[in-house]
Amino acid sequence: MLKIVRPICCGVDVHKSFIVATIGATNEYGVTSYQSKNFYTHNKDINIFKDWLISNNCYDVCMESTGKYWIPIFNILEDNNFNITIANPKYIKAVKGKKTDKKDSIWITDLFKHDLCPGSFIPPKHIRNLRELLRYRFKLVNMSTSEKQRIQNSLTISNISLDSVLSDLFGKSDSDILDYILNLEKPEDFNEEIVKSFLRKSAKSKSDDIITSISGFSMSDSTVSKLKASKTHLNSINDTIKSIDETADYIIDNSELRTYVDLAMTIPGISDTSAKIIVSEIGTNMSVFPSSKKLCNWAGLTPQNNESAGKKKSTRVSRAGVYLKPTLVQCANAAIKSNKEPYFKNKYLKIKKRRGHKKAIIAIARMMLTCIYKMFQAGEIFNPIDINYSDIPNEVLENKREQIIDNALKTLSKLGIDTSILNLNPTNI
């Protein structure tokens, strides 16, 4: 018989406009009595739900993480010292064909009272607020990239190949040139000298190539209209991103989060923005993850277990960490290009020879997250124990190892110790 971990607990089936809650009370004989009630998701009804739980002395609540619908309920219960577990629906879903809202809530209650509902990681409120902000920033950056690609495609079909001459199509010089072209009444009014006057020092040497890439362009009125709209939208997105960055900086600078952001930034390849995203996703309290392996698994950086009849069907990494994993992979790509701090670069090159780029970069991302876990636990900066040997080839390390062992054997011989009985030599150690 399964052990009753929570004699009084509540399972909640969450929907958009209402919830179904069931309190299960188990007596000393192991018999559970249930009482179920429906509540609307308005604040007034959620507070009535809270009072109903308190009147029944029930402070353990479990509900499935259905979209964003669980958050209003969680916010109110969180402020009243309830022990709340948010469970992934795939772990508590009932069998099809035997599902009703009431049965679902009873099923969640039964699982929860036996402690069979693994809870999802929910960080504290101030970190959740920062997470929502930076996830919105992530979406805006994607939108910004889409607009840049749209502008670049519009220039390509208009016979303007600036992107093949200049490295940054959205730098100051390029923006001025594009504004000038868009404001021309007709292509024949194009003036080479005016274009050259827009070029900065770094682009002066390419002035002839720039003029060649623009000359003879053909831009329709619809393309002009589209480009103007795209540029306006792009500028608006960039202004919004800047505003979000200022708000995020204010939240971080006025809390303990700044310490952890600074710690993360000591790792090669992690910028200020990346460190903020990492902290907002994993929080600062590493005790919620039993080990660094659990954290890496939660972030989607470990192989999946998909085995049946003794055959492994797939070992691909999971889809978890949709915001954290891309950030860590981006940081890993930056770290492996650093010649000034080649710690991750040398590890990447060793793995790449055997496993290829994709698996090697995921391995580096996992190493970085493991480092962050250890650093946040200890409150220490990035300083791995093998940092002084990471840039030494294996052959050199092996020769050095043999030399150390040989010197140790000679020292023991000088002390009168018969080293032959120790069976110590560089070939069998």
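The sections below treat the basis of the model, the fold and the aromatic pairs.

## Basis

The model is predicted: local features need pLDDT of at least 70 and side-chain atom pairs pLDDT 80 or more, whereas totals for chains, interfaces and linings use all residues. Residues are numbered from 1 along each chain as its sequence is written, and side-chain values use heavy atoms, without hydrogens and water.

## Overall build

The protein chain contains 17 helices and seven strands (DSSP runs, of at least four residues for helices, H or I, and at least two for strands, E). Its radius of gyration is 30 Å, well over the 22 Å that the globule rule gives for 429 residues, so the chain is more spread out than a compact globule. The radius is taken over C-alpha atoms, and the rule is 2.2 Å times the number of residues to the power 0.38. The C-alpha trace spans about 95 × 85 × 50 Å along its principal axes.

## Aromatic pairs

The structure holds 13 aromatic pairs (Phe, Tyr or Trp rings, the six-membered one for Trp, with centres within 6.5 Å; planes under 30 degrees apart are stacked, over 60 edge-to-face, the rest tilted). Tyrosine 59 and phenylalanine 82 form a tilted pair, 5.2 Å centre to centre with 35° between the planes. Phenylalanine 82 is buried at 9% relative accessibility, while tyrosine 59 is partly exposed at 33% (buried is under 20% relative accessible area, exposed over 50%, partly exposed in between; 1.4 Å probe, protein chains only).

Tyrosine 343 and phenylalanine 382 form an edge-to-face pair, with 5.6 Å between centres and 75° between planes. Tyrosine 343 lies in helix H15 and phenylalanine 382 in the loop between helices H16 and H17, so the pair ties together parts 39 residues apart in sequence.
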